[in-house]
Number of protein chains: 2
Amino acid sequence: MRSVSVVGANMIKFGKNEKTLEELGQEAVVGLIKGMNLDREKIEVAYGGNVFGGHLPTQRVLKELGMTGIPIFNVENACASGATAYHQAYQAIATGVYDVALVIGVEKLTALGGGALPIPPNEIEGNHGIVMPGVYAMRAKRYMHDFNVTAEDFGLVSVKNRANGALNPYAQFQKPITIEEVMESRLIADPFTMLQCSANSGDGAAAVLVCATERAKEFSDISIKTEASVITSGLFKGGYRDLTWAEITYRAVHTAYEQSGLKPSDINIVELHDAFTIAEILYYESMGFCEHGKGVDFIKDGKSYIDGQVAVNPSGGLISRGHPLGATGVAQVAEMFWQLTGQAGKRQVKNPRYGLTHVTGGGISGVDNGACGVHIFSAVS
Amino acid sequence: MRSVSVVGANMIKFGKNEKTLEELGQEAVVGLIKGMNLDREKIEVAYGGNVFGGHLPTQRVLKELGMTGIPIFNVENACASGATAYHQAYQAIATGVYDVALVIGVEKLTALGGGALPIPPNEIEGNHGIVMPGVYAMRAKRYMHDFNVTAEDFGLVSVKNRANGALNPYAQFQKPITIEEVMESRLIADPFTMLQCSANSGDGAAAVLVCATERAKEFSDISIKTEASVITSGLFKGGYRDLTWAEITYRAVHTAYEQSGLKPSDINIVELHDAFTIAEILYYESMGFCEHGKGVDFIKDGKSYIDGQVAVNPSGGLISRGHPLGATGVAQVAEMFWQLTGQAGKRQVKNPRYGLTHVTGGGISGVDNGACGVHIFSAVS
């Protein structure tokens with residue numbers, strides 16, 4: 001397996017946007033190409049992550065840009081779609097099939113007309129009301145019971161991520177909020193108020209250029225390397241499940257640690273899937289940054305802040321940067337590119353060496369996710 | 001690149017079906033597993049082709065079967081989705097990432113409520129009426145003008161494919177038809193009557209087990225090998241385009257010839273994308289079986305019949321087997337497995353050595369297809 005690098009990244013500001021899905025994607029890709037002064041003829045293949053945009057979304061984005069006649073793959077893994085697109089590009093380059101790939105993620109959630117995300121017609125749990133806010137609310141309630149914490153404790157995640165997002169020009173929400181504002185916003189699913197949930201109003205797009213590390217210098221003076229790339233699916237086992245333990249994340253992240261030879265203490269930055277505040281707390285634990293049940297202490301002690309032990313969601317995460325499903329996984333890679341090359345501006349983490357990205361997609365069958373995507377990247381010293 | 005084999009195949013009868021999308025897929029996969037007496041724990045990864053089934057379709061099929069915790073990839077390339085899923089499995093095995101992959105294709109078109117397939121909201125041509133029947137009708141009209149043939153000549157494709165489908169227990173339409181019936185059916189888009197169009201009423205699913213050839217014997221005494229695997233996208237060029245020439249098919253098929261070292265005269269069987277009768281005529285030509293403009297002569301001379309020079313669509317093709325979009329590409333691979341291992345029953349081609357599968361997906365921007373997938377398989381002597 002060859003080493004695989006990211007040599008360029010671009011995204012558009014997430015949030016409600018008048019543009020079409022095609023235009024969102026085109027803005028991200030054109031910005032990438034112009035920013036890199038890239039000869040688009042060098043792009044050999046494209047992988048696109050999208051969930052709700054209909055058929056051939058990546059072709060519809062690229063055909064107007066002249067990127068045609070190449071293999072184009074549309075991949076879907078719910079919220080892990082962008083990470084899955086990156087994974088496939090990584091794998092094809094690592095194994096020598098291609099040298100240079102474009103990875104894009106795009107989503108126009110406002111086209112769905114607002115409200116909850118569509119539930120597949122035969123998804124029994126979803127059609128009985130066990131939708132995302134409900135699932136995560138149950139996990140939060142159980143966590144509160146087992147570990148003697150409060151809803152306000154979870155709210156600290158929103159305060160941190162909105163503070164980070166206020167430093168990120170690409171974030172949907174760029175205004176810091178107080179814990180009082182979090183707790184006073186309207187109730188969505190007890191114990192979550194609105195400001196403890198990521199918004200489903202985000203449109204957005206992100207694009208990265210990926211290539212064999214041996215050719216990285218041809219495209220850019222700055223780059224990051226891929227140390228691990230993992231996609232897995234849920235176990236969907238019956239019987240009792242510990243709602244306070246993120247099994248799929250544990251399995252995916254620890255597979256990535258094995259692939260890279262790294263351990264939790266090596267990781268300086270994490271972009272993780274804070275769909276709801278409880279999720280970030282659970283992931284501190286399943287990623288091995290603290291013991292099970294100690295996630296609230298972890299944030300209370302400031303360890304997940306930009307200047308903490310591990311900067312978690314310096315971009316603002318899903319709660320602040322926004323969460324246009326297919327775009328999120330690619331935006332996470334873009335954030336790592338900027339952070340690990342020192343381009344992250346006001347939200348820059350100091351001298352990071354390793355960064356980890358993480359998304360989980362589709363809460364089918366209660367607590368199980370349909371897909372989880374994890375990547376680890378390293379700075380090039 | 002390692003050699004990659006297909007060691008098992010199954011599909012369900014295409015056509016209107018009361019079952020859910022999940023159940024359709026499960027029936028195909030369970031039949032595959034039982035038929036092979038397969039230990040499902042040996043499946044390392046799954047690739048699923050689907051267009052209109054919503055998010056995580058492959059997870060929804062597999063989770064009830066206990067095939068969980070493995071990487072699962074949902075891929076979409078319109079009508080080429082199933083072929084794209086096979087291509088990705090092939091590539092990952094050929095490069096040594098996995099040894100054993102499940103490929104499934106599933107579609108429940110009747111869930112769309114009938115009528116035309118959905119058009120992406122910003123697809124300018126489609127929203128002005130340049131939908132599939134219209135595009136192919138224009139190609140047919142131009143072909144009639146340029147090469148002095150009639151609508152009835154095209155109808156011979158329907159007669160042949162329905163005759164073949166009558167021998168295929170998996171086909172949606174198993175009744176032979178006469179040229180008079182073809183011409184007297186109701187007009188859809190001049191010059192096409194209904195029986196010159198593939199139906200959009202098909203539900204269906206197909207599944208194949210794919211593995212490194214070096215492990216094929218572990219799974220089955222019979223297998224076929226993959227000689228070429230190509231996915232490409234349209235060129236979408238502006239200006240004058242020859243409506244009578246299938247550029248993307250020409251490019252994909254000839255790339256497959258290059259990969260395999262084979263030439264048109266080596267191919268004994270073709271499963272091709274006869275979405276409309278004209279398409280099959282155009283593909284005889286672009287695949288190199290006859291000269292441009294001589295496609296009608298090719299079928300009139302019986303060269304594309306089961307006992308002809310090259311058996312084209314012995315399964316009945318899209319016109320007779322049916323066309324549940326995501327399932328078609330995988331069903332074509334299943335047909336090659338059966339044909340090249342002598343399991344095709346009444347529609348068996350005599351001693352075939354090489355078979356080619358072909359799908360094109362998504363007629364965005366007039367005559368250009370969004371994707372084309374081509375595979376060549378060989379019998380194991």
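In which sense do E3(A) and strand E3 of chain B pair, and over how many bridges? E3(A) and E3(B) (residues 72–76) pair in the antiparallel sense, over 3 bridges. Pairing here requires that DSSP finds at least two bridges between two strands. Within E3(B), Asn74(B) is the bridge partner of Glu76(A).

The model is predicted; local features need pLDDT of at least 70, side-chain atom pairs count only at pLDDT 80 or more, and totals for chains, interfaces and linings use all residues. Residues are numbered from 1 along each chain as its sequence is written, while chains are lettered from A and ligands numbered from 1 in the order in which they are written.

Chain A and chain B each place 40 residues in their contact (C-beta atoms, placed from the backbone, within 7 Å). On the chain A side, at least two residues each come from helix H2 (57–62), strand E3 (72–76), helix H3 (81–94) and strand E8 (224–232). Helices (H or I, at least four residues) and strands (E, at least two) are DSSP runs, numbered from the N terminus. E3(A) supplies the largest share of this side, 5 residues. The side comprises 17 nonpolar, 19 polar and 4 charged residues. Ala, Val, Leu, Ile, Met, Phe, Trp, Tyr, Cys and Pro count as nonpolar, Asp, Glu, Lys and Arg as charged, and the others, Gly among them, as polar.

Chain A itself divides into domain 1 (4–113 + 202–224) and domain 2 (124–199 + 228–379), with bounds from an automatic or database domain assignment. Their centres, taken over C-alpha atoms, are 23 Å apart. Domain 1 gives 38 residues to the contact and domain 2 gives 39. H3(A) gives the most to the domain 1 side, with 9 residues.

Notes. Two residues are in contact if their C-beta atoms, placed from the backbone, lie within 7 Å.
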